[in-house]
Amino acid sequence: MHDLFSDPINQAQTSPIVIHHGQGLVQIKHLAPSQLCLFHIQQISQYSPFRKMMTPMGHPMQAMTTNCGIYGWISDNKGYHYSEIDPEINKHWTTIPAEFLQLHKYACELANIPLFNPDACLINQYQIGQGMGLHQDKDEMDRNSPIISISLGLNAIFQVGGKSRKDPIKEYLLEDGDVVILSNESRHFYHGIKPIKPNPLSPNCLFRYNLTLRKSH
């Protein structure tokens, strides 16, 4: 198995920095090796292509999505749910790469939270100008296991509120390679992404990718 953290070519540029924002919300700066993660995303999307899912009300989502793992998160006329079959290709999703699982384990250790076994990894692709509205992650049968989110590519502003839509919103800058963990109280908080902006210093960087590792069942 590829050693994610001993190969200097694929390591993040600087040592990870762990920031505890409170109530189980943890941000780890500079943790994920971007190029290695993007390589795996390319391989996964060749098997299960990115697609724009429709909401149950018939509206297209902004971000393009695909999945890997035992289960994949999908949206259809049944609502939001997890499926063992990719409806686009009528096959099981491909497995979660070992390096993603290794990264998840390392993030749990750094954040000092119990290790869990993710069975689903949602991959979002955001173009410039696209974001995601405030929402709660509540489609999982197991709603207590933490959620690990990995940011790649363009920067994003991560918005986090509380258990009610009316709660005050805090904003955090997510850069390439950053990891966010929602655990304990924050696992049930509303959260979202403001529209992605271009980076004038990297005009060829056109996307933000987000990996979300969950225990869905």
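I worked from a predicted model, in which local features need pLDDT of at least 70 and side-chain atom pairs count only at pLDDT 80 or more, while totals for chains, interfaces and linings use all residues. Residues are numbered from 1 along each chain as its sequence is written, and side-chain values use heavy atoms, with hydrogens and water left out.

**Helix pair**

I looked up α1 (residues 34–47) and α2 (residues 98–111), whose axes come within 10 Å and cross at roughly 135° (axes are lines fitted to C-alpha atoms, for helices over the stretch in contact, and angles run from 0 to 180 degrees between N-to-C directions; helices, H or I of at least four residues, and strands, E of at least two, are DSSP runs numbered from the N terminus). I noted that L36, C37, H40, I41 and I44 of α1 meet E99, F100 and L103 of α2, contact being heavy atoms within 4.5 Å.

**S75**

I found S75 in strand β4 (residues 72–76), where S75 is buried at a relative accessible area of 11% (buried is under 20%, exposed over 50%, partly exposed in between, with a 1.4 Å probe and protein chains only). The S75 side chain reaches the backbone oxygen of M54 at 2.5 Å, and, leaving aside neighbours within four places in sequence, S75 is in contact with residues including M53, P56 and Y80.

**Y190**

I placed Y190 in the loop between β13 (179–182) and β14 (191–193), and I recorded Y190 as buried, with a relative accessible area of 12%. Not counting residues up to four places away in sequence, Y190 touches, among others, L134, H135, K163 and R165.

Note on methods
A polar contact is a pair of N or O atoms within 3.5 Å; within protein, one must be able to donate a hydrogen and the other to accept it, and residues adjacent in sequence count only if both atoms are side-chain atoms.
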